[in-house]
Amino acid sequence: MKEIVVISGKGGTGKTSFTASLAYLGGSDVVVADCDVDAADMHLLLKPDFAKAEEFFSGELAVINQDKCTKCGRCKEVCRFNAISIINNQYIVDSLSCEGCGYCARVCPVNAITNEDLNVGNWYISNTKVDNTLVHAKLGIGADNSGKLVAKVKNEAKKIAVENNKDYIIVDGSPGIGCPVVSSLSGANFVVLVTEPSVSGLHDLKRVYELVKKFNVKAGCIVNKADINSDKANEVREFLKEEKIVHIADFPYDVSFTEAMTEGKTIVEFDNGDLKKLVVDSWNKIKEITK
Amino acid sequence: MKIAIASGKGGTGKTTLSTNLAAYISETEKIVLSDLDVEEPNSGLFIKGDSVHKEDKFKMIPVWEEDKCTLCGICQKVCNFHAVIQLGSQIMVFPELCHGCYACSELCPVEALPMVPKKMGELKEFKNGDISFIESRLIIGEEQAVPLIAQTQEYVEKNFSEDIIKLFDSPPGTSCPVIEAVKDVDFVILITEPTPFGFHDMKLAAETVKELKKDFAVVINRYGIGNNDVIDYCERENIPILAKIPNNRKIAELYSKGEIIYTHVPEMKDELEKIKNYIFNLRKDRK
């Protein structure tokens, strides 16, 4: 079983459109994990059935029992996150600022503070319209701990893939280089970087690849909208060569990607010509590399 | 007056709007632009200027002083993040897991875990005409963006007066980095594209901003592609749509080169004018 993680650094380069197309081509051979739990969009193309839903608890929130509180102020004093303020002569915890470190509860002399487990979202196991298993999630509004929810989604996908003897897990990662991305990279066999030939696309590609290198995992790259700026596209290709990143394919700037998405379709369902061939060839290449 | 430019979905045009709006407003008055997408800061690729200040940013983490330690185990017990672990007669600290709450350090009975600064990123300030531009970038491998975002906002707060307009280019998503970027601003502009992904993530962002009790409005980018769902939703929910930036290959090309767009594309300037007027009216109402 091989784990293929698709990331980009920069958002909006076409990660999800590409990943969903691989899912479509892979069919029942693959388990798909949508690890962009902040802004999960894969379900819009793969039409999952949300067959199994579970709540996800992670982290804690300090809650002050006003009946017990003696207003000594010790909690506010030790909180490094300015999460406790005095409102109407009561000590109140701001749930968005509280990191759940539990320090306040430990120092409260009258045990007026308890830590409550936080429900940070839901996660799902679904069957999709093309008969793959999709593990996905929805992070609660304003919730913390997306890295842990990413780990949960990935581990569940892995479990299902192992139990059912599947060949691949395909992971759609989130933008950036922070904890959700780190979480989605751990355990990867191959990383697909989706970029675009723009100053920001290249800048973000270089930063995210620095992170990938720390994981010592082989990477390939899809250059999307490759014809939008040929100088930058050359710079991207040069960077790939220098870093020995496999250049998987160039995709053109094409409205079909948006039109397919608007119809709720992957590009391989929408297009029967060159675009479809590009994705099919890319998928074959990835399979060949990860063999 | 502080305005965050946020989106939910990545790549919808946060940086394009932030940099162009900052440049456009700076034609008439001083403005501050701050890039809070510390994981992948891009605004600086479009707004270049003379460096006026640079500083390292630190988070505080505990270090173990073996000779003082009595191996009582309290530090491990009080760390909710498993960043301090006792292994035999050793205390191990995992800095990337540490949230800097100080519990282990201050509850240690023998002061064997003093807090020391660890560099997590760099803040730089540039000046370009009437734009003051501040960006912070997280060191690659650091997982937590929130402390750096918070310190960048503190820097802006401290160094610029209340009435100057401050634009914050925010990170994508809806989780902690965005919350940190948005929670203290006066107004939020959500930029989206009229596609199913754009619409879906814009709704999430709108819910997040509502949860934070912020006033907000929407700017539609790449207007002309996709469908009408974003517009219908905004009308239904009474969310003002400030501008519609047309879908235009020329804009994508200029963006790819790192250029400011409105000086080349008149339609872009018209849309920026609408946003600027809206912001100026907001400011008038606040006074």
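Let me start with helix H1 of chain B, which is mostly covered: twelve of its twelve residues are buried. A residue is called buried if 20 or more other C-beta atoms lie within 10 Å of its own, exposed if 12 or fewer, and partly exposed in between, with C-beta atoms placed from the backbone. Helices (H or I, at least four residues) and strands (E, at least two) are DSSP runs, numbered from the N terminus. The buried set in H1(B) includes B:Lys14, B:Thr15, B:Ser18 and B:Thr19. H1(B) covers residues 14-25, and at 1.5 Å a residue its twelve residues should span 16 Å; the end C-alpha atoms are 16 Å apart, which agrees. The expected span here is 1.5 Å times one less than the number of residues.

Before going on, the basis. This is a predicted model, in which local features need pLDDT of at least 70 and side-chain atom pairs count only at pLDDT 80 or more, while totals for chains, interfaces and linings use all residues. Residues are numbered from 1 along each chain as its sequence is written, and chains are lettered from A and ligands numbered from 1 in the order in which they are written.

Back to chain B, and to B:Ser43, which sits in the loop between E2 and E3 of chain B. Is B:Ser43 buried or exposed? With 24 C-beta neighbours inside 10 Å, B:Ser43 counts as buried. From B:Ser43 to B:Lys14 is 29 residues in sequence and 9.2 Å in space, C-alpha to C-alpha. Leaving out residues up to four places away in sequence, B:Ser43 touches B:Thr15, B:Ser18 and B:Thr19, and also B:Leu33, B:Asp35, B:Phe133, B:Glu135 and B:Asp169. Touching, or contact, means that the C-beta atoms of two residues, placed from the backbone, lie within 7 Å.

Next, helix H4 of chain B, residues 146-159. Its 14 residues should span 20 Å at 1.5 Å a residue, and the end C-alpha atoms are 20 Å apart, which agrees. Buried in H4(B) are B:Val146, B:Pro147, B:Leu148, B:Ile149, B:Thr152, B:Gln153 and B:Val156. What do these buried residues pack against? Their partners in chain B are strands E2 (31-35), E3 (50-62), E6 (115-128), E7 (131-138) and E8 (165-169), together with helix H5 (176-182).

Now two helix pairs, one in each chain. Axes are lines fitted to C-alpha atoms, for helices over the stretch in contact, and angles run from 0 to 180 degrees between N-to-C directions. In chain A, H7 (residues 199-214) and H8 (residues 230-242) pack at about 10 degrees, with their axes 10 Å apart. That angle makes H7(A) roughly parallel to H8(A). Angles under 35 degrees count as roughly parallel, over 145 as roughly antiparallel, 65 to 115 as roughly perpendicular and the rest as oblique. A:Val199, A:Leu202 and A:Lys206 of H7(A) meet A:Lys232, A:Glu235, A:Val236 and A:Phe239 of H8(A). By class, that contact has four nonpolar, no polar and three charged residues. Ala, Val, Leu, Ile, Met, Phe, Trp, Tyr, Cys and Pro count as nonpolar, Asp, Glu, Lys and Arg as charged, and the others, Gly among them, as polar.

In chain B, H6 (residues 196-211) and H7 (residues 229-236) pack at about 25 degrees, with their axes 9 Å apart. H6(B) is therefore roughly parallel to H7(B). The contact is formed by B:Gly198, B:Phe199, B:Met202 and B:Lys203 of H6(B) with B:Asp229, B:Val230 and B:Tyr233 of H7(B). Its residues are four nonpolar, one polar and two charged.

H6(B) comes up again where the chains meet. The contact takes 50 residues from chain B and 51 residues from chain A. On the chain B side, H3 (103-107), H5, H6 and H8 (249-257) are the elements that give two or more residues. H6(B) gives the most, with eight residues. That side divides into 19 nonpolar, 21 polar and ten charged residues.

Chain A has eleven helices and eleven strands, and chain B has nine helices and eleven strands. Buried residues make up 54% of the 291 residues in chain A and 50% of the 287 residues in chain B. The C-alpha trace spans about 70 × 40 × 35 Å along its principal axes in chain A, and about 70 × 40 × 40 Å in chain B.
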